[in-house]
Amino acid sequence: LEQAVQNMAIDPERLAVPNVTNKQKIVVDFSSPNIAKEMHVGHLRSTIIGDTLSNVLEFSGHEVVRLNHVGDWGTQFGMLVEHLRDEYPAALNKKTSQDVDLGDLVMLYKAAKKRFDVDEDFKVRSREGV
């Protein structure tokens, strides 16, 4: 332990951590929020973990590609669009769509999800609609 601390003192920039000899290109995919739902603090956890891993890998000498994948949103938007077509067609009209705000979309998404879980026809239309 004493020798390790002395080596860190000699090399304060790298703390005696050598660069890797076999550099690789590494993709780190993190966060992946469901963009059909509101963001919340839970999304920060995977973002922070992904960023930390990326920093460690870069410090070691690897080339890191950071991806913040927003997830599979097709079905979620399909559910929302089909629900709007059935229940609130004015929301899909350019002239009247400004009457729907983000808070309404969250409520509408939750209603669409409930329908999706119990209505097989709605489920099929949601998947085929996007």
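1. **Basis.** This is a predicted model, in which local features need pLDDT of at least 70, side-chain atom pairs count only at pLDDT 80 or more, and totals for chains, interfaces and linings use all residues. Residues are numbered from 1 along each chain as its sequence is written, and side-chain values use heavy atoms, with hydrogens and water left out.

2. **Overall fold.** The protein has five helices and two strands. Helices (H or I, at least four residues) and strands (E, at least two) are DSSP runs, numbered from the N terminus. Along the sequence the pattern reads α-β-α-β-α-α-α. The radius of gyration is 24 Å, well over the 14 Å that the globule rule gives for 130 residues, so the protein is more spread out than a compact globule. That radius is taken over C-alpha atoms, and the rule is 2.2 Å times the number of residues to the power 0.38. The C-alpha trace spans about 70 × 30 × 25 Å along its principal axes.

3. Of the 130 residues, 25% are buried. Buried means under 20% relative accessible area, exposed over 50%, and partly exposed in between (1.4 Å probe, protein chains only). Contact means heavy atoms within 4.5 Å. Among contacts with a separation of 6 or more, 70% come from residues 24 or more positions apart.

4. **Helix 2, length and end.** Helix 2 covers residues 42-60. At 1.5 Å a residue, its 19 residues should span 27 Å; the end C-alpha atoms are 28 Å apart, which agrees. The expected span is 1.5 Å times one less than the number of residues. Gly 61 follows helix 2, and its phi is positive, near 110°.

5. Which residues of helix 2 are buried? They are His 43, Gly 50, Ser 54 and Ser 60. These cover an arc of only 130° around the axis, which puts them on the same side of helix 2. The arc is that of the directions from the helix axis to the C-beta atoms. An α-helix has 3.6 residues a turn, so residues three or four places apart point the same way. Arg 45 and Ile 48 are exposed on the other side of helix 2. The cover over the buried residues includes strand 1 (25-29) and strand 2 (63-67).

6. **Helix 3.** The 14 residues of helix 3 (residues 74-87) should span 20 Å at 1.5 Å a residue, and the end C-alpha atoms are 20 Å apart, which agrees. Its buried residues include Met 79, Leu 80 and Leu 84. Glu 82 and His 83 are also among them.

7. **Helix 5.** In helix 5 (residues 120-128), Phe 122, Lys 123 and Ser 126 are buried. They cover an arc of only 100° around the axis, which puts them on the same side of helix 5. The face turned away from that side carries the exposed residues Glu 120 and Glu 128.

8. **Glu 63.** Glu 63 sits in strand 2. Is Glu 63 buried or partly exposed? It is partly exposed, with a relative accessible area of 46%. Leaving aside neighbours within four places in sequence, Glu 63 is in contact with Gln 24, Lys 25 and Ile 26. Glu 63 and Ala 4 are 59 residues apart in sequence and 27 Å apart in space, C-alpha to C-alpha.

9. **Charges over rings.** Arg 14 lies over the face of Phe 59, at 4.1 Å from the ring centre. Lys 123 lies over the face of Phe 116, at 5.2 Å from the ring centre. The rule asks for NZ of Lys or CZ of Arg within 6 Å of the ring centre and within 35 degrees of the ring normal.
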